[in-house]
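Dear colleague,

Please find below the structure that I am handing over to you. My notes on what was found in it follow directly after.

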2 protein chains.
Amino acid sequence: MSQPLRIAIAGLGTVGAGVVKMVQTHGDLLTRRAGRPLEIVAVSARSRGKDRGIDLGAFDWEDDPVALAKRADVDLLVEVMGGEDGPAKACVEAALAAGKHVVTANKAMLALHGQAMAEQAETTGAALRFEAAVAGGIPIVKALTEGLAGNGISRVMGVMNGTCNYILTKMEATGESYGEVLKEAQALGYAEADPTVDVGGIDAAHKLSLLAATAFGTRVAFDHVEIEGIERITLQDIKNAADMGYKIKLLGVAQQNSDGIEQRMQPCLVPTASPLGQLEGVNNMVVVDGDFIGQTVYQGPGAGEGPTASAILGDIMDIARGLIIPAFGQPAKGLTKPNTSSKGSDAAYYLRFSLTDAPGTLAKLASILGAHNVSINRMHQYGHDGKTAPLVIVTHATPRQPLDQALAEICALSASNAEPVALRIESL
Amino acid sequence: MSQPLRIAIAGLGTVGAGVVKMVQTHGDLLTRRAGRPLEIVAVSARSRGKDRGIDLGAFDWEDDPVALAKRADVDLLVEVMGGEDGPAKACVEAALAAGKHVVTANKAMLALHGQAMAEQAETTGAALRFEAAVAGGIPIVKALTEGLAGNGISRVMGVMNGTCNYILTKMEATGESYGEVLKEAQALGYAEADPTVDVGGIDAAHKLSLLAATAFGTRVAFDHVEIEGIERITLQDIKNAADMGYKIKLLGVAQQNSDGIEQRMQPCLVPTASPLGQLEGVNNMVVVDGDFIGQTVYQGPGAGEGPTASAILGDIMDIARGLIIPAFGQPAKGLTKPNTSSKGSDAAYYLRFSLTDAPGTLAKLASILGAHNVSINRMHQYGHDGKTAPLVIVTHATPRQPLDQALAEICALSASNAEPVALRIESL
């Protein structure tokens with residue numbers, strides 16, 4: 001095992017540069033730990049001349065990432081270009097086809113093509129690893145596939161998008177609106193110019209679908225994830241939640257129900273005193289329930305150069321040490337598409353309505369909820385301008401389906417000014 | 001890799017029985033995940049006839065754990081007998097000498113003999129794994145040796161003894177005294193009849209010494225750990241801490257200083273709002289600082305049948321999948337005894353004195369502190385019976401050595417009724 005592990009890196013953005021820095025900083029330490037040297041032999045990126053603050057002089061340069069992946073002197077490809085298709089997919093497929101190990105941070109690509117790639121890796125005996133794709137530096141894929149491998153897993157949930165958590169905790173801390181904080185996050189580089197993938201919950205849903213496959217031994221089923229973003233959360237919602245002892249978090253939940261698997265990425269109310277409720281800023285947190293171990297909680301930085309590079313190095317070190325396990329912890333060819341739990345689990349909900357202040361409106365609303373067996377726990381009507389009355393209702397536990405029917409009927413009322421906001425109150 | 005991994009279990013107490021239950025419950029799942037079956041072939045325990053709620057009929061019985069370890073049809077020995085020497089050590093040594101893998105939960109044994117055992121394992125090519133020895137079910141050894149393997153680690157700290165955390169959080173919640181809560185913990189089975197190893201900090205110090213070796217690539221140096229138990233913590237200390245925004249925790253800290261490694265297991269004040277401050281009951285938590293990843297936090301049940309068995313199964317699954325890495329993450333023969341940091345790191349301290357109420361006492365105390373450059377941040381003297389005055393002082397940051405000198409001088413005063421209590425205020 002004293003042969004070096006020869007590495008190619010496709011993509012030299014923040015993360016790719018971070019991987020180079022780690023290998024250059026800790027060369028001797030990594031060699032002692034892995035029992036063999038890690039050697040970066042070649043790299044590829046869009047722009048060769050760009051100053052990345054690292055010395056690339058010792059590495060071969062390839063303009064074409066597919067050519068990089070196919071090089072005879074490469075054992076392992078690090079794919080950190082991003083993009084669910086295109087060059088990222090092409091070079092990963094080329095590497096796997098050639099029996100070369102792949103370590104990737106590309107959640108979008110794996111959410112769509114992970115199953116096919118995992119099968120291809122198994123066919124050629126390559127490893128396909130993706131710790132960096134989920135929850136940044138937190139070694140949560142490793143915990144699920146290895147540390148907790150003796151357990152049946154009943155639920156994986158967490159906060160997996162640092163941008164959203166930053167926005168929500170900053171709104172609460174400063175009293176600024178969603179729009180104001182989003183602008184600041186963009187200025188700080190925490191949010192993209194087009195923030196949809198983050199604030200719309202899509203990025204986090206990609207991650208959740210990968211964790212669900214890993215936890216439950218099913219195929220990645222991104223199209224089964226119910227997704228809702230944080231765009232409609234107001235400061236008033238955050239204050240209302242706080243008054244009741246809750247925080248609003250973009251929470252992903254993947255849970256094994258009796259009739260199948262439920263996967264949701266949506267803003268939820270969680271108890272302020274819980275680990276999830278305490279999570280601030282750009283951190284991520286994943287909570288896992290296993291049948292023998294009970295509940296374990298994993299927290300750490302969800303993004304950024306160092307944390308993401310750390311996760312990639314963890315995967316590289318495993319491969320250097322000879323650990324080749326199936327991408328999702330079980331042979332990919334044996335994985336089946338999960339049944340989606342049809343009814344989901346019951347919960348209490350926080351509802352916010354915007355209603356025209358007209359006699360009889362509240363009665364109509366209450367009777368619609370009652371007709372669908374949605375029972376009211378508390379209700380609060382806020383001071384208003386005389387035209388539009390903001391009304392907040394907290395329900396008792398209810399299935400989602402009748403609630404959605406009730407909300408659709410309420411939304412159709414002439415007195416309804418906007419689609420109601422319905423946030424699940426998650427019991428942890 | 002379709003040959004079964006043949007397992008022997010030495011010790012059928014709670015944990016050993018838990019391992020049997022997990023293998024029996026999840027046989028098919030474990031086979032899919034490991035790529036080969038796990039097969040328990042033989043067991044050993046003190047009493048053959050005892051009802052353990054599990055069916056041992058399929059396993060061979062050995063009265064002698066050393067004979068069990070030497071069986072030709074065994075690939076891996078699970079040692080869950082406990083005891084730092086005696087049969088536990090004998091059977092682990094016999095297994096390693098024969099090139100058989102060992103998975104153990106025995107922190108006391110490894111704290112004393114871990115280095116020799118790790119060297120022996122490397123000589124014969126066996127794996128020696130001990131996830132269950134530290135922080136129960138939390139896969140923290142895996143995180144340090146594998147997930148974070150790309151990082152230089154600067155600090156590992158945490159709450160690693162569930163009994164102590166239970167006692168301290170229960171005292172605060174109910175207002176009961178240390179002695180009352182200890183009795184309850186004993187009745188509930190959370191504390192042993194002789195609780196010294198737990199409440200004295202020794203059990204947690206064993207764990208810390210293993211984490212330190214793993215984090216810093218040094219030999220296990222249990223004799224370098226500064227140990228202080230929770231026996232002298234009063235309800236008043238807990239209340240005083242709470243008033244200032246802190247919780248008292250039995251906190252282990254292993255930290256790389258410029259002049260060596262500092263290892264402490266002692267009751268400390270930590271911010272109430274921090275993850276460590278929020279940790280309640282018998283849970284454990286470990287916080288790791290790495291140079292690229294930053295800070296990650298791991299929380300979970302620190303003891304008990306299911307969590308401990310889960311950790312053992314995690315190790316077994318790794319070995320079944322072919323992962324053989326050095327016990328402490330680097331070749332044992334290359335590990336050197338750490339330098340113990342001579343001065344340690346500065347901190348503010350919470351001091352509680354019990355003084356005879358006589359004129360001039362406070363002046364003497366204050367002048368002793370001042371003479372050692374220990375500067376007072378706040379001070380509070382409590383209502384008293386006229387004879388003994390309890391006095392609480394919070395210092396500014398100070399090195400430990402002059403503080404200890406000052407405390408010794410104060411303790412020697414005729415007005416001093418008891419050894420002062422000094423609790424470090426840990427900045428996280």
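A crossing of two helices is called left-handed if the near helix is turned anticlockwise from the far one by less than a right angle, and right-handed if clockwise. The helices (H or I, at least four residues) and strands (E, at least two) named here are DSSP runs, numbered from the N terminus. This is a predicted model, in which local features need pLDDT of at least 70 and side-chain atom pairs count only at pLDDT 80 or more, while totals for chains, interfaces and linings use all residues. Residues are numbered from 1 along each chain as its sequence is written, and chains are lettered from A and ligands numbered from 1 in the order in which they are written.

Helix packing in chain A

α6(A) passes α10(A) in a left-handed crossing. The axes of α6(A) and α10(A) (residues 202-216) come within 9 Å and cross at roughly 15 degrees; axes are lines fitted to C-alpha atoms, for helices over the stretch in contact, and angles run from 0 to 180 degrees between N-to-C directions. α6(A) is therefore roughly parallel to α10(A), a term for angles under 35 degrees. Val141(A), Leu144(A) and Thr145(A) of α6(A) meet Leu211(A), Thr214(A) and Ala215(A) of α10(A), where contact requires C-beta atoms, placed from the backbone, to lie within 7 Å. The residues of this contact comprise 4 nonpolar, 2 polar and no charged. Here Ala, Val, Leu, Ile, Met, Phe, Trp, Tyr, Cys and Pro count as nonpolar, Asp, Glu, Lys and Arg as charged, and the others, Gly among them, as polar.

The contact between the chains

Chain A and chain B each give 47 residues to their contact. Among the elements of chain A that give two or more residues to this side are α6 (140-147), β12 (294-301) and α13 (305-320). The side of chain A that touches chain B divides into 21 nonpolar, 20 polar and 6 charged residues. β12(A) runs antiparallel to β12(B) (residues 294-301), joined by 3 bridges; two strands pair if DSSP finds at least two bridges between them. Val297(A) has Gln299(B) as its bridge partner.

The sheet in chain B

An open sheet of 6 strands in chain B has the order β3-β2-β1-β4-β5-β6, with parallel pairing. β3 (60-61) and β6 (128-129) of chain B stand at the edges with a single partner strand each, so one side of each has no neighbour in the sheet. β2(B) (residues 38-44) and β3(B) run parallel and are joined by 2 bridges, and Val43(B) has Trp61(B) as its bridge partner.

With kind regards

Terms used. Two residues are in contact if their C-beta atoms, placed from the backbone, lie within 7 Å. Angles under 35 degrees count as roughly parallel, over 145 as roughly antiparallel, 65 to 115 as roughly perpendicular and the rest as oblique.
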